[in-house]
Amino acid sequence: MEEIRKTVLVTGGARGIGKAIALKFAQEGYDVIINYNGSADAAEKTKQEAESYGVKAMTAQADVSDYDSVKAMIEKIMAEFGRIDVLINNSGITKDGLLIRMTPDDFNRVIQVNLTGAFNCIQNVTRIMMKQKSGSIINLSSVVGLIGNAGQANYAASKAGIIGLTKSCAKELASRSIRVNAIAPGFIETDMTKNLKEADKEKMLSLIPLKQFGSPEQVADVAYALATDAFSYVTGQVIHVDGGMVM
């Protein structure tokens, strides 16, 4: 009997933390779906890297903040793979600004992508996982969702919302053997953070007990572990990957 290969859907999987997660699961033998809503080139490159590990991969364009777009994406994935075992809600944007100057559009757009986007994906994928009677959902929060950050009221609110969403979904879905957890990364070195001034980096380092920044791969390792049977008794939890920044 042919062994069924598990599949993982990674939203925002073309670059950064999402890319690292997609490639980690590919290395471990998962078929990978890379969702993107920006550069198709970046998504295609990640797809090719995933395929180099001998698994099947596909790119899937969708704006996660648009429910119908997500629904159509899930239908395409099911037509191609027939199952979704792991959902990684990684899509996220920032539109930073001081509270007094933040426009309603900037606030709402970040909530729509980061929080409503996660809900849209969870609701559509949950129906599939319930039929499978198994599944793992991992939502990317942030230390900012736990402690706040000046100039990021919208982002912090969205990431705090992810934690509430995670815990509520975990309670609802546990009886169906679907686990829901969150990861709260701290300062992770990505293309976005490379442009920070040295003085700002030094200030951040002073807040991290381990005195080093994290890598996307370190977040990916935790995401993969949460999806495995080794964590089969873990649900509704927020795992900090932050070098001890928030305790």
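The second largest pocket of this predicted model has a volume of about 260 Å³. Its lining is made up of 16 residues, and those that lie nearest the centre of the pocket are Ser-134, Gly-135, Ser-177, Arg-179 and Asp-229. Divided by class, the lining of this second largest pocket holds four nonpolar, seven polar and five charged residues.

The model has one cavity of 30 Å³ or more, and about 50 Å³ of space lies in the largest cavity. Among the residues that line the largest cavity are Thr-11, Val-64, Asn-89, Asn-90 and Ser-91, together with Val-113, Asn-114, Gly-117, Ala-118 and Cys-121. Helix H4 (residues 104–132) supplies the largest share of this lining, namely five residues. The table sets out the class composition of the two linings.

| Site | Volume | Nonpolar | Polar | Charged |
|---|---|---|---|---|
| Largest cavity | about 50 Å³ | six residues | six residues | no residues |

The aromatic side chains form another part of the picture. A pair of aromatic rings is described by the distance of the centres and the angle of the planes. The count for this model comes to four aromatic pairs. In one of them, the ring centres of Tyr-30 and Tyr-224 are 6.2 Å apart and the planes stand at 90°, so this pair is edge-to-face, given that planes over 60 degrees apart fall in that class. Because Tyr-30 lies in the loop between helix H1 (16–27) and strand E2 (31–36), whereas Tyr-224 belongs to helix H8 (residues 216–227), the pair ties together parts that are 194 residues apart in sequence. Tyr-30 has a relative accessibility of 8% and therefore counts as buried, and Tyr-224, at 18%, also counts as buried, since the cut-off for that class is under 20%. Ring pairs link these two tyrosines with Phe-25 into a cluster of Phe-25, Tyr-30 and Tyr-224.

Elsewhere, a charged group meets an aromatic ring: the charged end of Lys-56 sits over the ring of Phe-81, at 5.0 Å from the ring centre.

In soluble globular proteins, nonpolar side chains tend to be buried together.

Definitions and conventions. Residues are numbered from 1 along each chain as its sequence is written. This is a predicted model: local features need pLDDT of at least 70, side-chain atom pairs count only at pLDDT 80 or more; totals for chains, interfaces and linings use all residues. Side-chain values use heavy atoms; hydrogens and water are left out. Rings of Phe, Tyr and Trp (its six-membered ring) pair if their centres lie within 6.5 Å; planes under 30 degrees apart count as stacked, over 60 as edge-to-face and the rest as tilted. Helices (H or I, at least four residues) and strands (E, at least two) are DSSP runs, numbered from the N terminus. Buried means under 20% relative accessible area, exposed over 50%, partly exposed in between (1.4 Å probe, protein chains only). A charge sits over a ring if NZ of Lys or CZ of Arg is within 6 Å of the ring centre and within 35 degrees of the ring normal. On a 1 Å grid over the protein atoms alone, a cavity is a set of points where a 1.4 Å probe fits but cannot get out, and a pocket is an open set with protein on both sides within 12 Å along at least five of seven lines; lining residues have an atom within 4 Å of a point. Grid points are joined across faces, edges and corners, and a volume is the space filled by probe spheres set on the points. Ala, Val, Leu, Ile, Met, Phe, Trp, Tyr, Cys and Pro count as nonpolar, Asp, Glu, Lys and Arg as charged, and the others, Gly among them, as polar.
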